Structure formats: structure tokens, C-alpha cells
Amino acid sequence: MRTPLKYFLMLALTILVIVMGNEARAGGTTNTWDGSVSTDWHTAANWSTNSVPVSGTHNVVIPAGLSNYPVLSADGSCRTLASLANGTSISGTGTLTIGTAGTVTTTGTASISCPLTFNVATSFT
């Protein structure tokens with residue numbers, strides 16, 4: 001026999017799982033490239049959060065009008081390429097991996113001339 005407390009606890013746990021699952025899919029932290037130090041994707045000081053992008057966490061933004069654009073000399077990752085502005089580029093020999101449920105969004109013409117790895121749920125706009 002189930003008590004009302006057991007029903008309540010099961011309902012609360014179900015709601016918690018749903019909410020946490022949505023949190024994992026939504027959001028992320030915007031990490032904007034500024035290229036202030038170099039073209040090296042893996043230099044933390046080139047990023048607004050002072051950390052190299054991480055798959056599942058960082059939504060990368062590459063704005064226009066910079067002197068330095070990112071070059072991957074080794075493999076890199078991000079949650080999404082949230083915005084590649086017109087005239088921007090990402091290049092190199094390292095593979096860029098776009099994380100689960102990530103997106104790639106460009107405004108105008110942008111160049112990606114490095115190997116890319118996409119998860120099945122990745123979309124382009």
C-alpha cells in the first residue's frame with residue numbers, strides 16, 4: 001500500500017529530474033572571443049570568461065572587427081557556436097567539437113576552415 005508521502009516524494013523526484021534535465025539542455029555560459037593576446041584558441045586570456053571554451057558549458061561568440069581570429073592548433077570544443085559574425089573565421093589543424101544539442105549560428109559569411117565534429121542533435125542557422 002502506498003502512502004500519500006510516498007506519492008509526494010515520487011512526484012517531487014520526478015519534477016526534480018525534469019527540471020535538472022532542462023537545465024542541462026538550456027543555458028550555458030557565453031564565452032566571447034576577443035583575441036587580445038593571440039590567435040590561439042587555447043589561450044584563456046583570449047576569451048571573455050578568461051577560460052578556454054568547454055563542451056557542454058560555453059556558447060562561443062566570435063564578433064566582427066577583430067585583428068586576431070581563433071586558430072586551433074590542437075582539438076577544441078564548445079557547447080555551441082552561438083554567433084559567428086560576418087567576416088569572421090575559425091581555422092587550424094585541430095578538430096573543433098560542437099557539444100550535445102549545440103548550434104552553429106552565423107550572421108552573414110563566416111569561414112570555418114578546421115576539422116569539425118558534430119553531435120547528432122547539432123543544428124545550423
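Cys114 counts as buried, with a relative accessibility of 9%. The model described here is predicted.

**Cysteines**

- The structure contains 0 disulfides.
- Cys114 takes part in no disulfide, and the nearest cysteine sulfur, that of Cys78, lies 9.8 Å away.
- Because a disulfide requires two cysteine sulfur atoms within 2.5 Å, the 9.8 Å between the sulfur of Cys78 and the closest cysteine sulfur, in Cys114, is too far for a bond.
- Cys78 is also buried, at 0% relative accessibility.

**Nonpolar core**

- The largest nonpolar core has 15 residues, of which Trp41, Val60, Ile62, Leu81, Ile90 and Leu96 touch the most other members.
- At least two residues of this core come from each of strand 2, strand 5 (80-84) and strand 7 (96-98).
- Setting aside neighbours within four places in sequence, Ile90 contacts a set of residues that includes Trp41, Ile62, Leu81 and Leu96.
- Pro70, Leu72 and Leu84 are also among the contacts of Ile90, as are Ser111, Ile112, Ser113 and Cys114.

- Asn46 lies in the loop that runs between strand 1 (29-32) and strand 2 (58-62).
- When residues up to four places away in sequence are not counted, Asn46 touches Thr32, Trp33, Asp34, Gly35, Ser36, Val37, Ser38, Thr39 and Asp40.

Key:
Residues are numbered from 1 along each chain as its sequence is written. This is a predicted model: local features need pLDDT of at least 70, side-chain atom pairs count only at pLDDT 80 or more; totals for chains, interfaces and linings use all residues. Side-chain values use heavy atoms; hydrogens and water are left out. Buried means under 20% relative accessible area, exposed over 50%, partly exposed in between (1.4 Å probe, protein chains only). Helices (H or I, at least four residues) and strands (E, at least two) are DSSP runs, numbered from the N terminus. Contact means heavy atoms within 4.5 Å. A nonpolar core is a set of buried Ala, Val, Leu, Ile, Met, Phe, Trp, Tyr and Cys residues joined through side-chain atoms within 4.5 Å.
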